[in-house]
Amino acid sequence: MQKFNKFLPYLFLLSLSFFGGCTDHKSVTSNPNPGQWTAFQTGTTEFLTSVSAIDNDNIWVCGANGTVLRSNDGGATWSSVGTAPVTGELYTVFGIDGNTALVGGTSKVWRTSDGGSTWTEVFFYPGVLIK
């Protein structure tokens, strides 16, 4: 059971519930109230694949070419926080709070606890697509 518990936080990546979606794969939509959707322009030209909202203010987004974006004002502004060693296609993001998130891509999962200033590889399994 202890081996399983070691990877339990990363299983959340598999059960990610989306805040909204990436409508044109470059912007983010949200539904704070039933029947009301808002599009947020992220400012990236990269293909976006996953969104995770912690609350009304803190939102994480990831996508192509190691793109990781973060908003701490409900999507009004976005910061690019995908930095080396995060590279390649990213398919899933799971935000824990405004400073902590996990992103997954081909074979790897990275974690930040400082708002994306630094990233640490926390999981590697060759040949596996992590979604």
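The legends below accompany close-up views of a predicted model.

**View 1. The whole chain, with its elements and its surface.** The chain holds 1 helix and 10 strands, where helices (H or I, at least four residues) and strands (E, at least two) are DSSP runs numbered from the N terminus. Read from the N terminus on, the elements follow the order α-β-β-β-β-β-β-β-β-β-β. Of the 131 residues, 40% count as buried, a term that stands for under 20% relative accessible area, whereas exposed stands for over 50% and partly exposed for values in between (1.4 Å probe, protein chains only). Among contacts between residues at least 6 apart in sequence, 37% join residues at least 24 apart, a contact being heavy atoms within 4.5 Å.

View 2. Strand 5 (residues 59–63) is mostly covered, with 5 of its 5 residues buried. Ile-59, Val-61 and Gly-63 point one way from the strand, while Trp-60 and Cys-62 point the other way. In a regular strand the side chains alternate between the two faces of the sheet. Strand 4 (residues 48–53) runs antiparallel to strand 5 and is joined to it by 5 bridges, two strands being paired if DSSP finds at least two bridges between them. Within this pairing Val-51 stands opposite Val-61, and the two strands form a hairpin with 5 residues between them. Strand 6 (residues 68–71) is likewise antiparallel to strand 5, here through 4 bridges, and its Arg-70 is the bridge partner of Trp-60.

**View 3. Asn-65 in the turn between strand 5 and strand 6.** Strand 5 and strand 6 form a hairpin with 4 residues between them, and Asn-65 lies in this loop. The phi of Asn-65 is near 55°, a positive value in a residue other than glycine. Asn-65 counts as exposed because its relative accessibility is 53%.

View 4. Strand 8 is joined to strand 9 (residues 101–112) by 5 bridges, and Leu-90 stands opposite Gly-105 of strand 9.

**View 5. Ser-107 within strand 9.** Ser-107 is located in strand 9 and has a positive phi of about 75° although it is not a glycine. With a relative accessible area of 7%, Ser-107 is buried.

**Notes to all views.** Residues are numbered from 1 along each chain as its sequence is written, and side-chain values use heavy atoms, with hydrogens and water left out. In this predicted model, local features need pLDDT of at least 70 and side-chain atom pairs count only at pLDDT 80 or more, whereas totals for chains, interfaces and linings use all residues.
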